[in-house]
Amino acid sequence: MATPFKPELLPRLVGDEEARLLAAAQAYGGEIGSLITWAIETAMRRGEIAAMRWEHLDRKAKVLLIPETKNGTPRRVPLSTAALAVLDALPRPPGRSCVGYPSGIPVAGL
C-alpha cells in the first residue's frame with residue numbers, strides 16, 4: 001500500500017533559491033519581481049493568478065478567494081504581509097475588476 005501524498009512535507013524552495021530567484025527578477029526589471037513574490041508567497045497557480053479579481057480579496061481576513069481551481073473546488077488563500085504589500089503597490093483603477101500592474105496590463109496579460 002502506498003503512503004498518502006503529503007504536500008506539506010515538500011519544501012517550497014531550498015537554500016537560497018528564493019533569494020536568487022527574486023534577485024534575478026529584480027535585475028530583469030519591470031513588474032516580474034512583484035509577480036514572482038506574489039507567486040512564492042501564495043503558492044497560487046499561474047491561471048489562478050491570471051484570474052484574480054479585486055472583489056475576491058478579503059483584506060480584513062487577509063485571504064483571497066479562488067472561486068475556480070484546477071480541481072474545481074473553490075479555496076481561500078491566506079495572504080502574508082509580503083503578499084499584501086504586493087497588492088498595496090498595485091493600482092486599482094475605478095471600473096476595473098481584474099488585478100493589474102502599473103503598466104496597465106492585467107495579470108492575465110503577463
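Biologist: Which residues does T69 touch, not counting residues up to four places away in sequence?

Modeller: A contact means heavy atoms within 4.5 Å. In this predicted model, T69 touches E48, P74 and R75, with residues up to four places away in sequence left out. Local features need pLDDT of at least 70 and side-chain atom pairs count only at pLDDT 80 or more, while totals for chains, interfaces and linings use all residues of the predicted model. Residues are numbered from 1 along each chain as its sequence is written, and side-chain values use heavy atoms, with hydrogens and water left out.

Biologist: Where is T69 found?

Modeller: Helices (H or I, at least four residues) and strands (E, at least two) are DSSP runs, numbered from the N terminus. T69 lies in the loop between β2 (63–66) and β3 (75–78).

Biologist: Does T69 count as buried or exposed?

Modeller: Buried means under 20% relative accessible area, exposed over 50%, and partly exposed in between, with a 1.4 Å probe and protein chains only. T69 has 13% relative accessibility and therefore counts as buried. Of the 110 residues of the protein chain, 28% count as buried.

Biologist: How do α1 and α2 pack?

Modeller: Axes are lines fitted to C-alpha atoms, for helices over the stretch in contact, and angles run from 0 to 180 degrees between N-to-C directions. Helix α1 (residues 17–28) packs with helix α2 (residues 32–42) at an angle of about 155°, and their axes are 8 Å apart. Angles under 35 degrees count as roughly parallel, over 145 as roughly antiparallel, 65 to 115 as roughly perpendicular and the rest as oblique. The two helices, α1 and α2, are therefore roughly antiparallel to each other.

Biologist: Which residues of α1 and α2 meet?

Modeller: On the α1 side they are E18, L21, L22, A25, Q26 and Y28, and these meet I32, G33, I36, T37, I40 and E41 in α2.

Biologist: Which residues are buried in α2, and what do they pack against?

Modeller: G33, L35, T37, W38, I40 and T42 are buried in α2. The buried residues of α2 pack against α1, α3 (46–50), β2, β3 and α4 (81–88). Just after α2, A43 takes a positive phi of about 55°.

Biologist: What is the order of the strands in the sheet?

Modeller: Two strands pair if DSSP finds at least two bridges between them. The open sheet of three strands has the order β1-β2-β3, with antiparallel pairing. β1 (57–58) and β3 stand at the edges with a single partner strand each, so one side of each is left without a neighbour in the sheet.
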